Amino acid sequence: MATRQELSDFLVEIERRAYKQALFAVQDEHAALDIVQDSMTKLVIKYSDKPSAEFPFLFHKILQNTIRDYYRRQKTRSLWTTLFSSFIPEDTDANQDDFDILDSLLPDIKDDWREPETRLEKLQLIEIIEDAIKTLPARQREAFILRYWEEMNLVETAEIMNCSQGSVKTHCSRAIHALAKKLKEKGVKL
């Protein structure tokens with residue numbers, strides 16, 4: 001069993017190389033820092049009781065899995081960002097950083113500037129999406145909403161759902177495929 005000092009020394013030693021590895025993989029400084037931090041946290045939480053000789057293998061395995069998780073999230077977010085991009089106002093002077101998709105799902109009295117046809121299309125799309133989400137099995141719906149609407153990480157979602165992280169990944173993957181199929185059947189282009 002490693003001491004706290006051995007664990008701390010290992011993390012200090014590996015930090016820079018892990019950051020470079022994550023940066024090469026994701027090409028985003030902030031995401032790379034998050035990935036390294038998440039990986040280090042997972043090592044400390046789950047494997048601090050292991051011998052220090054096992055830390056390099058365990059850490060790199062965790063780091064690679066965290067990078068894969070990052071790509072899975074990006075792929076899914078990209079799908080939903082593309083789908084929901086029709087909700088973003090076309091006014092180029094509007095501050096896009098303040099835009100919240102959930103705000104656009106609620107009818108707004110100030111929304112009268114939109115054309116009735118556009119408003120109708122968006123309301124119909126919202127209804128199609130809501131109906132598609134309702135058809136998901138409970139566990140898939142729960143995993144999907146926690147991960148992609150609430151933006152919880154894998155660990156938090158697994159803890160909330162009282163299941164393994166692998167189960168969360170499976171539920172999310174199945175939910176995404178089922179939703180994509182339902183939306184395509186309804187004529188929504190992804």
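The lining of the second largest pocket divides into 7 nonpolar, 4 polar and 9 charged residues (nonpolar: Ala, Val, Leu, Ile, Met, Phe, Trp, Tyr, Cys and Pro; charged: Asp, Glu, Lys and Arg; polar: the others, Gly among them). The model is predicted, with local features needing pLDDT of at least 70 and side-chain atom pairs pLDDT 80 or more, while totals for chains, interfaces and linings use all residues. Residues are numbered from 1 along each chain as its sequence is written, and side-chain values use heavy atoms, without hydrogens and water.

**Second largest pocket**

- The second largest pocket holds about 390 Å³ of space (a pocket is an open set of points on a 1 Å grid over the protein atoms alone, where a 1.4 Å probe fits, with protein on both sides within 12 Å along at least five of seven lines; lining residues have an atom within 4 Å of a point; the volume is the space filled by probe spheres set on the points, which are joined across faces, edges and corners).
- Of its 20 lining residues, Asp-38, Lys-42, Asn-153, Leu-154 and Val-155 are the closest to the centre.
- Helices H2 (29-47), H3 (55-84) and H7 (154-161) each give two or more residues to this lining (helices are DSSP runs of H or I with at least four residues, numbered from the N terminus).
- The largest share, 8 residues, comes from H2.

**H1 with H2**

- Helix H1 (residues 4-26) packs on H2 at an angle of about 145°, with the axes 8 Å apart (axes are lines fitted to C-alpha atoms over the stretch in contact, and angles run from 0 to 180 degrees between N-to-C directions).
- The contact of H1 with H2 has 17 nonpolar, no polar and 2 charged residues.
- Among them are Leu-7, Phe-10 and Glu-15 in H1, and Glu-29, Ala-31 and Val-44 in H2 (contact means heavy atoms within 4.5 Å).

- Leu-154, Val-155, Thr-157, Ala-158 and Met-161 in H7 meet Gln-165, Val-168, Lys-169 and His-171 in H8.
- By class, that contact has 5 nonpolar, 3 polar and 1 charged residues.
- Helix H5 (residues 116-135) and helix H8 (residues 165-185) pack at about 140°, with their axes 9 Å apart, so H5 is oblique to H8.
- In H5, Ile-128, Ile-129, Ala-132, Ile-133 and Thr-135 meet Leu-179, Lys-182 and Leu-183 in H8.

Methods: Angles under 35 degrees count as roughly parallel, over 145 as roughly antiparallel, 65 to 115 as roughly perpendicular and the rest as oblique.
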